Amino acid sequence: MTQRQEKILGGLLGGAIGDSMGAVTEHTSRRILEKRYGFVTTILEPHDRLREHGHVRGLVTDDFSVAYYSALPMLEKKQGISSELAIEGLLRWNADERYSNCAGPTTIVAINRFKGIEPPPSSTDHVLCINSRVTNGGGMKAGIVGLFNPSDLDKTIDDTITLCGITHDNTLALSAACAISAATSKAFDPGCSYMDLITAGLYGAEEGFKRSQPHVRPVAGCSIVKRIRPAVEIGLRHQDDPVAAMNEIADIIGCGLFAYESIPAAFGYIAATKGQVMDSIYLAVNAGDDTDTVACMVGFITGAFCSSNAISDSYLKLINEVNRFDLKKTALEIDSLVEGGTAV
């Protein structure tokens, strides 16, 4: 494989590993996780609640699978992203019973709308700014856009708004999503450093907010850019003790469902680990709360940054077998679109 192909595969594999590893630790506090598992550094067997929903070791959840299914129509039709292809990918994902039962609240609303299912009347129907929709569901699938647009931040940002706007049609969720995709795209630059990833993320968040304003709903909430900066400062301050960084980020920034927590936290973990793929995933997995989403986003960025060479082949084998993927083939197909000029 070429270096670019290895980076694309690294992004795919990093996202999938983060999601699968974090699925077992999701919705649990880091203190309980430490008592129950110690410090998690592998994909664990699922606990009883996950097994009741058909989860097995190595299965990904909605976080990576939505991104994967979003890519399929583009690869099959050899076209760049469009709203129509984004909707097609989402509906195909929803038809896969392995993943659809873990859809997030904002994504479910969008899927039902595309199916022509009207939601029941709600007390928020008259509200312009529904702030509860400022979730990380856009960010979780945004990394795939960076893989389709290596080293092209502006195209990445525009395509992210197209892909993620069908479900997360508000300025803050899209600002956060563009931070993830822009950092993933930046990872392909020759000589790129982990600080360059962070700078690209800040650019993506700022531009994503600005470019999405004419097209989507405004919401009341804090700046994604101004939340990323203190998370990164915490990470940089504790590079000699990344676990201390993880604890402080979890306490001060948070790592939950809302975009203004989990996306800044992801960049804090990148800063704390200097962009090392598995180390950054470990922090996301052990921090508690929305662990699979944060680890998936971190994995897309740092996997592309470090490339597949930094990840054990055993993970690729497990992820492919359990999910019926062929991530190496997918990476080559994405690279072919990039090479042919379709994606860029």
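In helix α15, residues V277, S280, I281, A284 and V285 meet T291, V294, A295, V298, G299, T302, G303 and C306 of helix α16, where a contact requires heavy atoms within 4.5 Å. The structure is a predicted model, in which local features need pLDDT of at least 70 and side-chain atom pairs count only at pLDDT 80 or more, whereas totals for chains, interfaces and linings use all residues. Residues are numbered from 1 along each chain as its sequence is written, and side-chain values use heavy atoms, with hydrogens and water left out.

The residues of this contact between α15 and α16 comprise eight nonpolar, five polar and no charged, with Ala, Val, Leu, Ile, Met, Phe, Trp, Tyr, Cys and Pro taken as nonpolar, Asp, Glu, Lys and Arg as charged, and the others, Gly among them, as polar. The axes of α15 (residues 277–286) and α16 (residues 291–306) come within 8 Å and cross at roughly 170 degrees, and the two helices are therefore roughly antiparallel to each other. Here axes are lines fitted to C-alpha atoms, for helices over the stretch in contact, and angles run from 0 to 180 degrees between N-to-C directions; angles under 35 degrees count as roughly parallel, over 145 as roughly antiparallel, 65 to 115 as roughly perpendicular and the rest as oblique. Helices are DSSP runs (H or I, at least four residues), numbered from the N terminus.

Helix α16 has 16 residues and reaches 21 Å from its first C-alpha to its last, close to the 22 Å expected at 1.5 Å a residue, the expected span being 1.5 Å times one less than the number of residues. A kink of about 25 degrees is centred on G299 in α16, the bend at a residue being the angle between axes fitted to the seven residues ending there and the seven starting there. Because 16 of the 16 residues of α16 are buried, this helix is largely enclosed by the rest of the structure; buried means under 20% relative accessible area, exposed over 50%, and partly exposed in between (1.4 Å probe, protein chains only). α16 is followed by S307, whose phi is positive, near 75 degrees. In the loop between α15 and α16 lies D289, a residue other than glycine with a positive phi near 70 degrees, which counts as partly exposed at 34% relative accessibility.

The 13 residues of α9 reach 17 Å from first C-alpha to last, close to the 18 Å expected. Buried residues of α9 include L153, T156, I157 and D159, and the buried residues of this helix pack against α4 (62–77), α5 (83–94), α8 (137–148), α10 and α11 (194–212). In α4, 14 of the 16 residues are buried, so this helix is largely enclosed by the rest of the structure. T167, in the loop between α9 (153–165) and α10 (171–186), counts as buried at 4% relative accessibility.
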